[in-house]
Amino acid sequence: MLDIQLLRSGLQGVTQRLVDRGFVFPAADFEGLEAERKKAQIETQELQARRNQLSKQIGQARAKGEDASAMMSQVNAQADQLKALEQRLADVQRRLNEFLLVIPNVPHASVPVGKSADDNAELRRVGAPRVFDFAVKDHVDVGATLNMLDFETAAKISGSRFSIMTGALARLHRAIAQFMLDVHTREHGYTEVYAPYLVNAASVQGVTSLQKFEGDLFAVARDSDEKLYLIPTAEVPVTNIVRDEIVALGRLPLKFVCHTPCFRSEAGSYGKDTRGMIRQHQFDKVELVQIVRPEQSYERLEELTRHAETILQRLELPYRTVTLCTGDMGFSSAKTYDIEVWLPGQQAYREISSCSNFEAFQARRMQARFRNEKGKVELVHTLNGSGLAVGRTLVAIVENYQRADGGVEIPAALQPYMEGLKAIEPAR
């Protein structure tokens, strides 16, 4: 959520930065709500001041033994009026809050201005794509040759955009996640978390806008009015660990890593990536979350991005890192780096991780705070990134390590997790 003080003091600048990201800020609506709030607040404060003055006069009259009944009647008459004004002020504050819940974050000054992914800025490219001496297959065809990747049976069970992996391929999928967790906990200083896969509405609202994105989620009906939502990413439960908390200064930064399945209805992606495992309703991800002091958040964004890149380097997969432009950023992000892995089957770099700094945007929604050296309570900054998407990492390995006979070599870093197995052989 945006800082309302920022809107009050610099509305024009905020409006322009939101235009840069393709969002037209409804300034007239905001100014109307603000005018209503100011009027209600002034009237409330004035009436409170009059009541306080009358109460003081009543006390003085009683001390002198004078009759204060008229003034007391006046105070009592003002009580109902004050209650109505306070309710009116609370209603305006509620509507202001609801207004702010659907406004995206303001891009950081370093974010390039652009309209789409075509305007993203490449930062670095690591590793050269392999040159094959045979016709390259995509992961769907390699999986079929292995007889270990089945979309038809998954569709019979659950519908489109699901998959079944079997045998060594399923084991490789598990090994990838274990490898990522080990690197991040043993080398990068993250604490592993096992988190719920179902969350309440307040948890979703804490990291994004439920009003805007509920259609992208799978909701689980309950007997009560409250819904639970299957998590679209571990970002939701893990970041909410600090919701409504004041974190001790000495505990920062908090660094969490969490492996979960993720569930997305992909309501806004009709017709996109319908082939294979790139965009599915269910997939696994290892998520990195950091809760940090505000002055350290951009340094921590660079660190978190390096941690995600380390996995690709260890797996010897070619990739590039780009800075997302204003028009391609997520709702809550102030700055995002996308890491894109090379997929020979598509002859393209495809996203495998997004690493974002949300500054205080999520923390303000969650009321996630810390107490600084002076004892003042401040909002934390939150960051997260995939470290990495497990299914897409599997896709990248299958395509980059494929052999002419249909087998798949296993990266050296993963062989200890496969009991020394060096390759997955094609079905005979």
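Analyst: Let's start with the term pocket: on a 1 Å grid over the protein atoms alone, it is an open set of points with protein on both sides within 12 Å along at least five of seven lines, while a cavity is a set where a 1.4 Å probe fits but cannot get out; lining residues have an atom within 4 Å of a point. Points are joined across faces, edges and corners, and a volume is the space filled by probe spheres set on them. This is a predicted model, so local features need pLDDT of at least 70 and side-chain atom pairs pLDDT 80 or more, whereas totals for chains, interfaces and linings use all residues. Residues are numbered from 1 along each chain as its sequence is written, and side-chain values use heavy atoms, with hydrogens and water left out.

User: Okay, how much space lies in the second largest pocket, and which residues are closest to its centre?

Analyst: The second largest pocket holds about 280 Å³. It has 15 lining residues, and Ser163, Ile164, Met165, Gln280 and Gln282 are the closest to its centre. At least two lining residues each come from α5 (152–158), β3 (164–165), α6 (167–186) and β10 (282–292); helices (H or I, at least four residues) and strands (E, at least two) are DSSP runs, numbered from the N terminus. By class, this lining has eight nonpolar, six polar and one charged residues. Here Ala, Val, Leu, Ile, Met, Phe, Trp, Tyr, Cys and Pro count as nonpolar, Asp, Glu, Lys and Arg as charged, and the others, Gly among them, as polar.

User: And how many cavities of 30 Å³ or more does the structure hold?

Analyst: The general idea first: rolling a probe the size of a water molecule over the atoms shows where empty space is left. In this model there is one cavity of 30 Å³ or more, and the largest cavity has about 50 Å³ of space. Its lining residues include His139, Leu149, Leu169, Met277 and Val398. The largest share, four residues, comes from α4, and α12 (390–400) also supplies at least two. The class count for this lining is eight nonpolar, two polar and no charged residues.

User: Switching to α10, what span should its 18 residues have?

Analyst: The expected span is 1.5 Å times one less than the number of residues. For the 18 residues of α10 that gives 26 Å, and the end C-alpha atoms are 26 Å apart, so the two agree. Just after α10, Glu316 takes a positive phi of about 55°.

User: Why does Ser297 count as buried, and what does its side chain make polar contacts with?

Analyst: Buried means under 20% relative accessible area, exposed over 50%, partly exposed in between (1.4 Å probe, protein chains only). Ser297 has 1% relative accessibility, so it counts as buried. It lies in helix α10 (residues 297–314), where Arg300, Glu303 and His307 are among the other buried residues. A polar contact is a pair of N or O atoms within 3.5 Å; within protein, one must be able to donate a hydrogen and the other to accept it, and residues adjacent in sequence count only if both atoms are side-chain atoms. The Ser297 side chain makes one with the side chain of Asn357 at 3.0 Å and one with that of His381 at 2.9 Å. Beyond neighbours within four places in sequence, Ser297 is in contact (heavy atoms within 4.5 Å) with Val292, Asn357, His381 and Leu383.

User: Where is Pro112 found?

Analyst: Pro112 sits in the loop between α3 (69–100) and β1 (121–126). Its relative accessibility is 22%, so it counts as partly exposed. Pro112 and Arg300 are 188 residues apart in sequence and 20 Å apart in space, C-alpha to C-alpha.
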